[in-house]
Amino acid sequence: MEFKTVLFYVFSAIMILAATRVITARNPVHAALFLVLAFFNAAGIWMLLKAEFLAIVLVLVYVGAVMVLFLFVVMMLDINMDRMREGFWSYLPLATGIGALIVLEMAAVLWRGFMKVGQDADTVGANIGGTKELGMLIYTKYILGFEIAAAILLVAIVAAVALTLRRRKDTKAFNPGDAVRVKRNDRLRIVKMAVVDQPAIDAASKAAALAAAEAQAAATAPVVTPPVAAPKETK
């Protein structure tokens, strides 16, 4: 077995384990980090196929930009994982069936490729790493799919921003548009009130306080009883 084959199986095994942990990890941040690990191993497989441009794009674009955006969105959303996993086991049979179907379809496609005679990895991967050939294919033959993918990514970014702007009761925030459109009458209101005689109110308060103090002193004063005279003796 060649060293390239050993590297291929190592990268593939680690990528499969990382992809499994992406959907089984309880912490969304850990799931995103496992997805980063899967991307790195996929880039290693691209390097084995001599597709250096695709490998470096996978690392720079997906790991360096998209996954960082995912982490920010996950940390801002404050996801309740216990509530999300309530129906996990009920959907497991359906998810297993769909996953098995995808695996069978990919195996059928790969098996047809392996059965072709006369194809070498060097010959097949001679042009897939070139930027010129990739650009010609994307902007000529696959232009519709490229535009659809761009529209889907734009919708995903807008949806993520909309989810972070939901109203929460535990945060103190205001609408900047309302602050810009504010008017003078919204900030200040003049109320006409009756004239208050403050000295008379202060004098009445002092008199009431003095009367209350005198009443309390009278209630707490000790009661003095006069002594009783002893009866006189008679002879």
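Reader: Let's start with Met1: is it buried or exposed?

Author: Buried means under 20% relative accessible area, exposed means over 50%, and partly exposed is in between (1.4 Å probe, protein chains only). Because its relative accessibility is 79%, Met1 counts as exposed. Met1 sits in the segment before H1. Before we go on, note that this is a predicted model, where local features need pLDDT of at least 70, side-chain atom pairs count only at pLDDT 80 or more, and totals for chains, interfaces and linings use all residues. Residues are numbered from 1 along each chain as its sequence is written, and side-chain values use heavy atoms, with hydrogens and water left out.

Reader: How many helices and strands does the protein have?

Author: Helices (H or I, at least four residues) and strands (E, at least two) are DSSP runs, numbered from the N terminus. This protein has 11 helices and zero strands.

Reader: What does UniProt list as "transmembrane region"?

Author: UniProt positions are given in the numbering used here, feature names are shortened, and annotations may be inferred rather than shown by experiment. The unreviewed UniProt entry lists residues 6-24, 31-49, 55-77, 89-111 and 142-165. In the model, residues 6-24 are 100% helix and 0% strand, with end C-alpha atoms 27 Å apart. Residues 31-49 are 95% helix and 0% strand, and their end C-alpha atoms also lie 27 Å apart.

Reader: Which residues make up the largest nonpolar core?

Author: A nonpolar core is a set of buried Ala, Val, Leu, Ile, Met, Phe, Trp, Tyr and Cys residues joined through side-chain atoms within 4.5 Å. The largest one has nine residues: Ala32, Val36, Phe39, Ala42, Ala43, Ala55, Leu58, Val63 and Met67. Contact means heavy atoms within 4.5 Å; leaving out residues up to four places away in sequence, Val36 touches Val63 and Met67. Across the whole protein, buried residues make up 11% of the 235 residues.

Reader: Where does Asn41 lie, and what does it touch?

Author: Asn41 lies in helix H2. Asn41 counts as buried because its relative accessible area is 6%. Not counting residues up to four places away in sequence, Asn41 touches Phe11, Ile14 and Met15.

Reader: What is the phi of Lys50?

Author: Most residues other than glycine have a negative phi. Lys50 has a phi near 65 degrees, a positive value in a residue other than glycine. Lys50 lies in the loop between H2 and H3, and with 38% relative accessibility Lys50 is partly exposed.

Reader: How far apart are the C-alpha atoms of Lys4 and Leu48?

Author: They are separated by 7.0 Å, although Lys4 and Leu48 are 44 residues apart along the chain. Lys4 lies in helix H1 and is partly exposed, at 48% relative accessible area.
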